[in-house]
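Subject: Model handover

Hello,

Here is the model to look over before we next talk. My notes come after it.

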Number of protein chains: 2
Amino acid sequence: MSQYRAPLDDIRFDLFDVLKVESVLADLGQTDVNRELIDAVLEEGARFTTQVLAPLNAIGDQGCTFDKASGDVTTPPGFSAAYAQFVEGGWPGLNAPVDFGGQGMPQVLGAAMKEMIDAANLAWGNFPLLSHGATEALLHHGNEWQQDVFLKPLVEGRWTGTMCLTEPHAGTDLGLLRTRAVPNNDDSYAITGTKIFITAGEHDMAENILHLVLAKLPDAPAGSRGISLFMVPKFKVGKDGAMGERNAVRCGALEHKMGIHGSATCVMNFDGAEGWLVGEPHKGLMAMFTMMNTARLAVGLQGLGLADRAYQNALAYARERLQMRALSGPKFPEKPADPIIVHPDVRRMLLTQKALVEGGRLLAYHAFLNVDIAHHGADEAARHDADALVGFLTPIVKACLTEWGNECTYHALQCFGGHGYIAEHGMEQLARDARITTLYEGTTGIQALDLVGRKLLQLKGEGMRVFLTEVKAFCAAEANNSALAEFMPELTAKLDEWQALSMRIAKDAMANPDEIGGAAWDYLFHSGYVALAYWWARSVAAAEASSRSQAFKDAKRETARFYFARLLPRTLAHKAAIESGVGNLTALDVAAFD
Amino acid sequence: MSQYRAPLDDIRFDLFDVLKVESVLADLGQTDVNRELIDAVLEEGARFTTQVLAPLNAIGDQGCTFDKASGDVTTPPGFSAAYAQFVEGGWPGLNAPVDFGGQGMPQVLGAAMKEMIDAANLAWGNFPLLSHGATEALLHHGNEWQQDVFLKPLVEGRWTGTMCLTEPHAGTDLGLLRTRAVPNNDDSYAITGTKIFITAGEHDMAENILHLVLAKLPDAPAGSRGISLFMVPKFKVGKDGAMGERNAVRCGALEHKMGIHGSATCVMNFDGAEGWLVGEPHKGLMAMFTMMNTARLAVGLQGLGLADRAYQNALAYARERLQMRALSGPKFPEKPADPIIVHPDVRRMLLTQKALVEGGRLLAYHAFLNVDIAHHGADEAARHDADALVGFLTPIVKACLTEWGNECTYHALQCFGGHGYIAEHGMEQLARDARITTLYEGTTGIQALDLVGRKLLQLKGEGMRVFLTEVKAFCAAEANNSALAEFMPELTAKLDEWQALSMRIAKDAMANPDEIGGAAWDYLFHSGYVALAYWWARSVAAAEASSRSQAFKDAKRETARFYFARLLPRTLAHKAAIESGVGNLTALDVAAFD
């Protein structure tokens, strides 16, 4: 069984030493969210996730059970009790508005908690996850009754939420969906259709489940402009908020998946279920994106959490497992063999994980901190810039952190050799669980298209400019920092390269829109690696400027060196691929692929 | 459920048009193995693997069952009957010597058959797999009785073999093993110990199982120089070959694995079991390597087979799945959406698979063809060179094809979006099955060390020189081939770069042996990508020179262009990592990794 230790030391370094959240939050008017409070939340979060959730991770892999007759889903042993503790601790409303019973804590703190939840038990974490999206959708688009009656139980965690988008023939392309909403005699609608891949669509943890459902009104225009958003509770809810009879929505089956077996992935059948329109008719896709963007950043944290847990276990194993001697001579001559961490290739795998986890953590937390700034920034310009930055960073955080999550769990499993492949050590579960993260809430390819097609081109790279301004300010401020002298030339060269590639793609796309698709994936990773170079340089600077131990400073510097020497050069391959143009992708006839 | 179609057209292209096996085999004296015969074997092999094995792949995923009381293992429904057909068809002895009941067919033909078996049903393929290794070990190291009595039933497939190496604390480092062999009063030994991860250690397919077991004699020197090889049959076998009572070897448990559930991975307990020494005392490791080298090339084929099956299914899905429109405008306006194969990023994933599968197939077949030359070459020099070449190519074939197998199954699953993650389409099984291939028979890191430490440095790059001679002869012969003009400059530049890196590593390793471990993994992939560039150039040349259709020639050329433009540049990252030296891997203190 894999172990998990909450990485509080590195989280604190990121929050306080690198991102300076205390002063940023004070500038946002959140002076009460001081270091003491943040520390207390982190400590309690670490206790809950490591002591309550982490031990349930392996048993969760045995899966949920489905009763076909009743349509009921039973979660793995311990899951429901852990959720009750989660609710008891007030965690569901950590980031929710105080007006609706939440604690109004900053998103960046919620991100740290979310990372720990996902590392401890990704499948469990999916049950409360979508409640945040439902809360966001109602906050932004719900009417007074919807907010008054539904938000409080969602925020308290007594009810949970879902996002019902996908249908068998309509995943990425929601314009194709067939679920129908027909007006009833009152202001409700009858929702009919089948949704698949519905996370937490049915379970035994909460009193009620609020489904946020995309469907088409009878007069809907064709395509994605004809989609409306509805809310459909599992148990009907009266105007006074009283829960009534069971609604006509049932789970039809659980999917058999590669991993996250403890997460109930449901086929949901709506059979004239009572629902209410959320927001404007035919504007459902925009409302759904309100939920989706939060969820995308959250899925990035899933990749991060799994990568960190995998790394922790691979590291422990590499220190314990005795096998062969170092090529440069025995390092532990008193033992029958050296621990495998003496072997450079094992260190390569470990350092790859360490560099991606710690760098990725800053990449993610920085995005969440900007969600806070976008909400609470002192002036319109600050909020606008932060919002643009979040929009730009969201596909990078989602796609890179989940792809790196897969890479890290792959390396971690590999460190265990054959022992990584058997269930006993828990490494293969982490790898299987990680595999979903590049798929749901928009595949990596979709994130790449969002980054290039929308954020870089359609929005004219506004968010990128905000990011570059920040990075260049850092480079200017640290120009004479001798600790950074070895990193700065490469960082600035990569920034230039990145900008040049951005302009090249914009130019090529004008001549041929397919160039966007041809460059998107490689550009996404190029962006991610350049961003991580920035975060590693900032980590070195922040460590040096801190009162941390020399060992801590050394570790950050050596990991940064590894990153610049052995991971950042991956940009060379991505650059070459981008520069080769889309022609080598489109030339082959569809019939000639066999 | 995933489908499988035997890629006979590409196999024939490789064998007849690229590798010219007819003339090579004729030069080896195997004039009877002509195109007609090879075609007949391929056709029958395709029939067996696609019609008998492939349909059992999904059901095999449900796993073997173990009876604790009896120690018996029952294979998945249909597995045993399929094995009976395999034996009936004479397949187990396809490459075995005619003297012992085999068919004496060339290894390169066996490779094609093995690829199809693994693509059709990897877990099933593991049952006959180790019999080849046992056969090789007895052929090279067995005494007359061992060969007379044991080889024939192994070759016929009535008995199967195992390789019992690993113990809980001793995997890569076999010098640590504890299994003991104590001489009995006759010429037999009593073998006692526990072996783990024993593929096909117990099952219901064959009359008897011959375990090839590494153990230590009472007077054994410490470490790997004190290991001897023993054969231990499940049922005792008399001097006359008659099967007797059950031997004291039993399966103690089946491992719960990430994949290849249909393959029985056993804990084997030897409790004073009757065994016989194979070869010289204390020389067991060398004898075991005879088995291991064959097995390593075979595992490379497993990666290839899985990658091909994954690709076939991803391609079919990409042609069928309608989702969104091409950015450059609808390509199938009559349909509600375009098939996803119109999207450049989907094509990127498909072409990556196609390029790695078709290029990797040549890389593998070429190695197997040189096994044939090493055995049957006309003169000592030819045999010696081919043997050195096989030694050099073995870690590249094993490691690259299995890592690419993981990459291809990853991309293929990704092409399915969320549908790739559920069991229904069979893609997640291919990904789980592929994950074992980089672990067993020596991890990727071990292959990399074998390539650099032994093949490049200890053996002074002899095999590499043979390979380079062949490649340079090709480049010289095709210097004026206009079809290759676009590829030649990059191919020759990469060959130079590869040689320069080889010399650099050799030089650095003299100063610090740890440089071997620091460079090995990146050098291995650099080698693999350069080798594939050669095979893609040769594929273009061979296609152009053939009487194949223009569509076939176009497909090879466009895939080669994709490979040179978008995959070969990965060498840039590997080169940078190698040139950065081992220092960035060794600097961090063991305690500072947290």
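Below are the notes on the domains, the contact between the chains and the salt bridges.

This is a predicted model, in which local features need pLDDT of at least 70 and side-chain atom pairs count only at pLDDT 80 or more, while totals for chains, interfaces and linings use all residues. Residues are numbered from 1 along each chain as its sequence is written, chains are lettered from A and ligands numbered from 1 in the order in which they are written, and side-chain values use heavy atoms, with hydrogens and water left out.

Domains of chain A

The domain names come from an unreviewed UniProt entry; positions are in the numbering used here, feature names are shortened, and annotations may be inferred rather than shown by experiment. Helices (H or I, at least four residues) and strands (E, at least two) are DSSP runs, numbered from the N terminus.

- UniProt puts "Acyl-CoA oxidase/dehydrogenase middle" at residues 163–271 of chain A. That span is 47% strand and 0% helix, with its end C-alpha atoms 17 Å apart.
- "Acyl-CoA dehydrogenase/oxidase C-terminal" is placed by UniProt at residues 283–451 of chain A. Here the chain is 72% helix and 0% strand, and the end C-alpha atoms are 23 Å apart.
- UniProt gives residues 467–588 of chain A as "Acetyl-CoA dehydrogenase-like C-terminal". This stretch is 81% helix and 0% strand, and 38 Å separate its end C-alpha atoms.

Contact between the chains

Contact (heavy atoms within 4.5 Å) involves 93 residues of chain B and 94 residues of chain A. The two chains bury about 8,100 Å² between them, 61% of it on carbon and sulfur atoms; buried area is the accessible area (1.4 Å probe) that two parts lose on being put together, summed over both. In chain B, the residues that lose the most area to chain A are Tyr421(B), Arg566(B) and Phe593(B), together 11% of what that side buries.

Arg566(B) also forms a salt bridge with Asp522(A), at 3.5 Å from N to O. A salt bridge is a side-chain nitrogen of Lys or Arg within 4 Å of a carboxyl oxygen of Asp or Glu, and the interface has 4 of them. Helix α9 (residues 344–376) of chain B gives the most to the side of chain B that touches chain A, with 8 residues.

100% of the interface residues of chain B are also interface residues in chain A, so the copies meet through the same surface.

Salt bridges overall

Over all chains, the whole structure has 78 salt bridges. One of them joins Arg548(A) to Asp9(A), with the closest N and O atoms 2.8 Å apart. Arg548(A) lies in the loop between α15 (514–545) and α16 (550–567) of chain A and Asp9(A) in helix α1 (residues 8–18), so the pair ties together parts that are 539 residues apart in sequence.

Regards
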